[in-house]
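Please look through the structure shown here, and then read the short report that follows.

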Amino acid sequence: MSNCQRCTLMAAEYDAVGAALPHDSAHLHVTGRASYTDDLPEPRDLLHLAVGMSTVPHAELAAVDLSSVLAAPGVVDVCVAADIPGTNNYGPIVADDPILTDDRVQYVGQPVFAVIATSVDAARKATGLANIDYRELEAILDPLTAVEKQSFVLPSETLLRGDPDSALESAPHRATRRVFLGGQDQFYLEGHIAMVVPQDDACLLVYSSTQHPDEIQSLVAHATGRPASDVTVVCRRMGGAFGGKESQAALIACLAALAADKTGRPCKLRLDRDDDMIMTGKRHDFVIDYEVGYDDSGLILGIDFEFASRCGMSADLSGPVNDRAMFSCDNAYFLENVRILSHRCKTNTVSNTAFRGFGGPQGMFAIEYVIEDIARRLGKDPLQVRRRNFYGKDVRNITQYQQVVEDNIIDEVFDELVASSDYEQRRKEIRTFNAGSDVLKRGIAITPVKFGISFTNTLLNQAGALVHVYKDGTVQLNHGGTEMGQGLYIKVAQVVAEELQIDVERIRIMAADTSKVPNASATAASSGADMNGMAAKKAATKIRTRLTRFAARHFSVSEADVAFHRNRVVCGENELSFTELVQLAWADRVPLSATGFYKTPKINYDRASFSGRPFFYFAYGAAVTEVVVDRLTGENRSLRVDILHDCGDSLNPAIDLGQVEGGYVQGVGWLTSEELWWNDRGELGTHAPSTYKIPTCSDLAPDFRVQLMQSVPNAEDTIYRSKAVGEPPLMLALSAFHAIRDAIATAASPLPDLQAPATPEAILNAIQAAGHE
């Protein structure tokens, strides 16, 4: 090979990372061939489960008669609490979540028993035949009542910085408000499901739609009285999750496992949509109280927050969710004097759980409402007040939990978006339009996002991977992350392809499997690609290093003269294919399998003092939303959306753009249409798409512009200097809520008392309330 040819080959290094590749399962999704848990071949003698649920919110179980259930056609058996051979708990942190209750029910929908039958229909029909005698108790159904009665799942927490009382007392201006912020159902397309198949020697194989196979393994083992090594959990893909399958999937898997253990036959539990929404947790709704002191420029001098979140009947993940709300109520703003009091309210409703953003959206909602109120009270454009309060780069750059913000680019994001969206000119035009229109009113808002990336529980920031290279040069990739449609698997495959310099098509992406990668953290906290990508990179690098050493020895060249380039390998004057090198290495007994392990560096956090560095870095973004509102009906629609989001050096721009777009739309649903409603009997009235309104394609703004920040790599040494993109874009939707509020504000009533979600009813209530001021 000539030197010229060699230089040309070396210049042609394959850039798998950064390529806008389609989702690895896209061809399966669009043809209906992607296999989800319910699509897997059903084993012989499979039994089906249905859950008998409480019909009252709080009561002692005086008597439970299941004789009619057992006599029903197709019923094989039932499971009750007494049938659990191990621990009757699926709580992930606090052991306060019984799989099946035996003495007291604490919310409508709590599992009391499970029916095991020969068909889904037989099991579901039989649940209605139970005769349960309840001795009803007082029920607490909302967070304010819980605060009044001091009913909490965990102790209230306070984060204090500076002297907010003195700052408030001396401030030129002060304002107070109470605002209600609703919850949100995850509404994944694939509902909760698990299938458990008994294996040889009392082992169990669990197929679960879960974000956290390791936790399923542990809790199934505890419930059935087995060691974890006797339980294998597999999940190839989920049809959406959004946090709802982080801890809650354990209930479904445990019930199926207990039934399989009792009957010795494979068992499957698939919830229908109504039962899924009634039985499983959602985003925490909040009651937010604040008092703020500020100066004539809008600078926040002191602020006092009080949050009361509906946690439901048990702790679930409410501790870290509410901690994250406390960490996030600064958003992109420096708060020098701040007190945050967080109540984790115990109510007789379903236990709320993780949802995309994990408390961050609620905290950000609070501070953005404050910023808007300050601006309107001072008669300023909220953009000015936002800029006045932004974190600085060298000063005013320490959060309320004592982390230095070292990677601040929010000014750059805002500068670029304000210009590209023509925000200021459009705001003037909207004011002119509104002056001439009595019924239709337009509004516009720009809001920022600064979102910390890492699990706040430091020990969870670890990941493992297992990579095999086979003799034909193909690769099998295993890691602890789960695929829920977000594109994690293709991103990690791109990382491995980059390291080995092979086509992505040569990599077979395997299901998350606890027998391949143990002790994996949940795919959550937006850290999936950061951690699993790094672990896979380390595994692939080990194999590449072994191949390099072998090639240098085999061809009698230095290791520096061995180069991998797009399915080819150059070894001095020799060139061969990747497959040929692999075959030679195998023949020389070079190991072609490797594990990789990664733990996030730099992070540390003392929860007792709410201080430290809980986050490795921050992701940034901003959005401008323009809406139009009918003041007579409250109906509204988005007209134009401009988004600029920070993904660092994107691993896959196509996937990341999809995440930004989807996150924004899901956030708009939370803040405008997705209303959870309980009656005074604690019954959820919005438990199906007929009454629970998620956004549809027709709700998308006709002018929808999304851009990723360019040439701004992550300041931290993440996987190829990329940034997480799962959760941060959801908070961009705060601009939609405040655009609606901007549209209904008037000179006479500049501070409409708009609650979230801003449904047409809520909008009309705000307009009517303003008319009585």
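## Charges over rings

In this structure the charged end of K471 sits over the ring of W586, 5.0 Å from its centre, where a charge sits over a ring if NZ of Lys or CZ of Arg is within 6 Å of the ring centre and within 35 degrees of the ring normal. The ring of F355 has the charged end of R283 over it, 4.1 Å from the ring centre.

The model is predicted, so local features need pLDDT of at least 70 and side-chain atom pairs count only at pLDDT 80 or more, while totals for chains, interfaces and linings use all residues. Residues are numbered from 1 along each chain as its sequence is written, and side-chain values use heavy atoms, with hydrogens and water left out.

## Aromatic rings

Across the whole structure a search finds 17 aromatic pairs, a pair being rings of Phe, Tyr or Trp (its six-membered ring) with centres within 6.5 Å. One aromatic cluster is formed by F327, Y401, Y605, F610, F615 and F618.

## Helix 11 and its partners

Helix 11 (residues 360-378) packs with helix 19 (residues 734-744) at an angle of about 30°, their axes being 11 Å apart. That makes helix 11 roughly parallel to helix 19, since angles under 35 degrees count as roughly parallel, over 145 as roughly antiparallel, 65 to 115 as roughly perpendicular and the rest as oblique.

Helix 11 also packs with helix 12 (residues 382-389), at an angle of about 120° and with axes 8 Å apart, which makes helix 11 oblique to helix 12. Here axes are lines fitted to C-alpha atoms, for helices over the stretch in contact (heavy atoms within 4.5 Å), and angles run from 0 to 180 degrees between N-to-C directions; helices are DSSP runs (H or I, at least four residues) numbered from the N terminus.

Definitions and conventions. Helices (H or I, at least four residues) and strands (E, at least two) are DSSP runs, numbered from the N terminus. Rings of Phe, Tyr and Trp (its six-membered ring) pair if their centres lie within 6.5 Å; planes under 30 degrees apart count as stacked, over 60 as edge-to-face and the rest as tilted.
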